[in-house]
Amino acid sequence: MSGNHPYRRAGAVIVAGTVVWFVGISPVSRVYITPDDAERLRMLTAGQRGWIVGQHLTAVGTVAVPVGFAAFAQAVQDKSAVPKQGPAPDKSTVPGRSTSSGSASRGRAKKWAFAASAALLAGAPFFVSSLARRASDIEGFAYRRGSSAPFLAYSGLHVVALAALGGSLLSLPTKRWIAVTAAASAPVYGAILVAKKDIPPLFFYLVEGTIGAYLMAWKEPDSKAA
C-alpha cells in the first residue's frame, strides 16, 4: 500500500469534504439555534447571499464525504488480494493473527467498509434535496415547513454507516480507539434520533472527519508486504 497511499488519499477526501461541509453551514449559523420563526426569517433575509452559497458548499461536502469512504473501502485488501505462494509473511506485523485469520478479517473489513459507503451514498441525495429547498425557499425553512422525512432518512443512514465503519475498523489493525469511536457513536446517535426525531448532523461529520484524519496518518503494519 505504500506506493500510491490509497488510505491517505481517501482520508484527505473525507477531511476535505468535512471541512467544506462545516464551512457551508457557517453562514447565518445562529439560525439553527434560534427558536422564533420570525427572527429566523429576519436573519436569513439579512444574510441571504451567504446562506445560499453556504447551502451549495454544504451539498458539495455532503457528496464528497461518501466518495472518500468509498475510496477507503476500495483500498482495503480482502483475502483474495493475499498472495497464495511465496515466502511466509512476517506475522509479527499483526500480533496474534495467522495469515488465514488476517485475510478473513480483511474480507470482513472490506464488506463493512462498502456497506458504510453505500449507506452514506444512499443518504446524500436526501440531504442535498433538503439543502436545495433551504436555498430556494428561505421562508419555508425559517417557518419549518415541509416534510422532515428526507432528513430523517439521511440521518438514519448515517447511523447505519457509522456502525458499519466501526465494524470495518475493528477488523483492521487500526488503533482501537478510532474503531470504538465509530462503533459507539452509532447507538448513541441512533437513540437521540429516535427520541428527538432530530439530530444536528455536525455530530456525524465530527466522527467521520476524525476517521478521515486518522486514515491520512495511518501506516499499516503490513503495508510493505501488501
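This is a predicted model: local features need pLDDT of at least 70, side-chain atom pairs count only at pLDDT 80 or more; totals for chains, interfaces and linings use all residues.
Q: How are helices α6 and α7 oriented to each other, roughly parallel or roughly antiparallel?
A: The axes of α6 (residues 149-170) and α7 (residues 176-196) come within 8 Å and cross at roughly 155°. Angles over 145 degrees count as roughly antiparallel. The two helices, α6 and α7, are therefore roughly antiparallel.

Q: Into how many nonpolar, polar and charged residues does the contact of α6 with α7 divide?
A: α6 passes α7 in a left-handed crossing. On the α6 side the contact includes Leu152, Gly156, Val159 and Leu165, and on the α7 side Arg176, Ala182, Ala186 and Tyr189 are among the residues involved. The residues of this contact divide into 14 nonpolar, 5 polar and 1 charged.

Q: Which residues does Leu165 contact, leaving aside neighbours within four places in sequence?
A: Leu165 is one of the α6 residues that make the contact with α7. Beyond its sequence neighbours, Leu165 is in contact with Phe69, Phe72, Ala116, Ala182 and Ile211.

Q: Does Tyr7 count as buried or exposed?
A: Tyr7 lies in helix α1 (residues 6-24), and its C-alpha atom is separated by 6.0 Å from that of Phe72, 65 residues apart along the chain. Because its relative accessibility is 4%, Tyr7 counts as buried.

Methods
Residues are numbered from 1 along each chain as its sequence is written. Side-chain values use heavy atoms; hydrogens and water are left out. Axes are lines fitted to C-alpha atoms, for helices over the stretch in contact, and angles run from 0 to 180 degrees between N-to-C directions. Helices (H or I, at least four residues) and strands (E, at least two) are DSSP runs, numbered from the N terminus. Angles under 35 degrees count as roughly parallel, over 145 as roughly antiparallel, 65 to 115 as roughly perpendicular and the rest as oblique. A crossing is left-handed if the near helix is turned anticlockwise from the far one by less than a right angle, and right-handed if clockwise. Contact means heavy atoms within 4.5 Å. Ala, Val, Leu, Ile, Met, Phe, Trp, Tyr, Cys and Pro count as nonpolar, Asp, Glu, Lys and Arg as charged, and the others, Gly among them, as polar. Buried means under 20% relative accessible area, exposed over 50%, partly exposed in between (1.4 Å probe, protein chains only).
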